[in-house]
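Subject: Structure handover

Hello,

Here is the structure I said I would pass on. My notes on it come after the model.

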Amino acid sequence: MSTLLYSVIGFLMLLVIGIAAYFLTARKYQSSSTVANSYDQWTLDGILEFYWGEHIHLGHYGSPPRRKDFLAAKSDFVHEMVKWGGIEKLPHGTTVLDVGCGIGGSSRILARDYGFAVTGITISPQQVNRAQELTPDGLNVQFAVDDAMALSFPDASFDVVWSIEAGPHMPDKAVFARELMRVLKPGGVLVVADWNQRDDRQKPLNFWEKPVMRQLLEQWSHPAFSSIEGFSELLAETELVEGEVITADWTQETLPSWFDSIWQGIARPEGLVRFGLSGFIKSVREVPTLLLMRLAFGALLCRFGMFRAVRANSRTELMDRNFANQNPSSLVR
């Protein structure tokens, strides 16, 4: 056989082994522990932080999108979310709960640039440790391990509840919605950014979309994606929302993040030296999922949803008003 044929056979064997390893090492959601363990590992090896910086979320590239530095786009995302949520003019000392804070990038911006008193929570102990290491003394921010499905804070604890890309890890979206609203003070603001899938109640997933979504769930410890419409309804169903839930679709503004995240591995080859062969393998292993994410968001199978809600003055007052609206004849005139 020629050298070329041997090379082709060798390449095909490596490709088959790589594909098999990709499917066999999927990080399926089993419990909150599998989410915590996944983030603990990503934090301990340092690869995700090296390539994605202190913000483990997508970037904002403007509307229409324009070329940006990957890490700068992530910081810009936080400021754009603050502006969109209408919280930029809230006074210094405003209390904020950052749900799914990662290693604290957003929490530090909220405390440093806006003067907020921030509490960041994550299911991962290693993320809490790293967030504390990265936070300078004197910044009004603290971090703790907590479960967003059963927050340890009393009702009406915070002026603002903030969350970026934490929802896909939540097994019960209704409980997640209720917990977010529960810890808000009356008149407080909820601002959420999340990965969502298309509303399959209106357009069911087709033959190729189902396996793509299955991989997006199984590779990164996601039990399910909600739709923008579905999660908005769940927030309203808590009966704690004043008025309507405001939503927006930032799919186009964030879409360049997926290719940019892959490009980081090419543009910054020093990571191969720093993390060695095992780090290189771990990095390459994530490329198929990143490409599937780009495919899903580009085809609008997935959408990047934004949510804003205001906590009603009180649960009793809101329920009384709903009752009066539905039963006008019962009012005393």
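The notes below go from the overall make-up to single residues.

The model is predicted. Its secondary structure comes to 14 helices and seven strands. Of the 333 residues in the protein, 48% are buried. Among contacts with a separation of 6 or more, 77% are between residues 24 or more positions apart.

Sheet

The seven strands make an open sheet with mixed pairing, in the order β3-β2-β1-β4-β5-β7-β6. Its edges are β3 (141-145) and β6 (241-249), each of which pairs on one side only. From one strand to the next the twist averages 15°. Strands of a sheet pair through backbone hydrogen bonds, in a parallel or an antiparallel sense. For β1 (residues 95-99) and β2 (residues 117-122) the sense is parallel, over five bridges. One of the residues involved is V96, whose bridge partner in β2 is V118.

Helix α13 packs on it and touches β5 (184-197) and β7 (302-311), with a direction at about 70° to that of β7. Helix α6 (residues 125-134) lies across β2 and β3 and runs at about 165° to β3.

Helix α13

Just after the helix, L300 takes a positive phi of about 65°.

Aromatic pairs

There are 14 aromatic pairs in the structure. One of them joins W84 and W250 edge-to-face, at 6.3 Å centre to centre and with 75° between the planes. This pair links distant parts of the chain: W84 is in helix α4 (residues 70-85), W250 is in the loop between β6 and α10 (251-254), and the two are 166 residues apart. W84 has a relative accessible area of 23% and is therefore partly exposed, whereas W250, at 7%, is buried. Ring pairs also bring in F77 and F304, giving a cluster of F77, W84, W250 and F304.

Backbone exceptions

Most residues other than glycine have a negative phi, and most peptide bonds are trans. These residues depart from that:

- A156 has a positive phi, near 55°. A156 sits in the loop between β3 and β4 (158-164) and is partly exposed, at 32% relative accessibility.
- E165 also has a positive phi, of about 55°. E165 lies in the loop between β4 and α7 and is buried, with a relative accessible area of 9%.
- The peptide bond from S63 to P64 is cis, with omega near 0°. P64 is in the loop between α3 (47-52) and α4.

A buried glutamate

Where is E179 found? E179 is in helix α7 (residues 173-182). Its relative accessible area is 10%, so E179 counts as buried. Leaving aside residues up to four places away in sequence, E179 touches A148, M149, A150 and L151.

Regards

Key. Residues are numbered from 1 along each chain as its sequence is written. This is a predicted model: local features need pLDDT of at least 70, side-chain atom pairs count only at pLDDT 80 or more; totals for chains, interfaces and linings use all residues. Side-chain values use heavy atoms; hydrogens and water are left out. Helices (H or I, at least four residues) and strands (E, at least two) are DSSP runs, numbered from the N terminus. Two strands pair if DSSP finds at least two bridges between them. Axes are lines fitted to C-alpha atoms, for helices over the stretch in contact, and angles run from 0 to 180 degrees between N-to-C directions. Contact means heavy atoms within 4.5 Å. Rings of Phe, Tyr and Trp (its six-membered ring) pair if their centres lie within 6.5 Å; planes under 30 degrees apart count as stacked, over 60 as edge-to-face and the rest as tilted. Buried means under 20% relative accessible area, exposed over 50%, partly exposed in between (1.4 Å probe, protein chains only).
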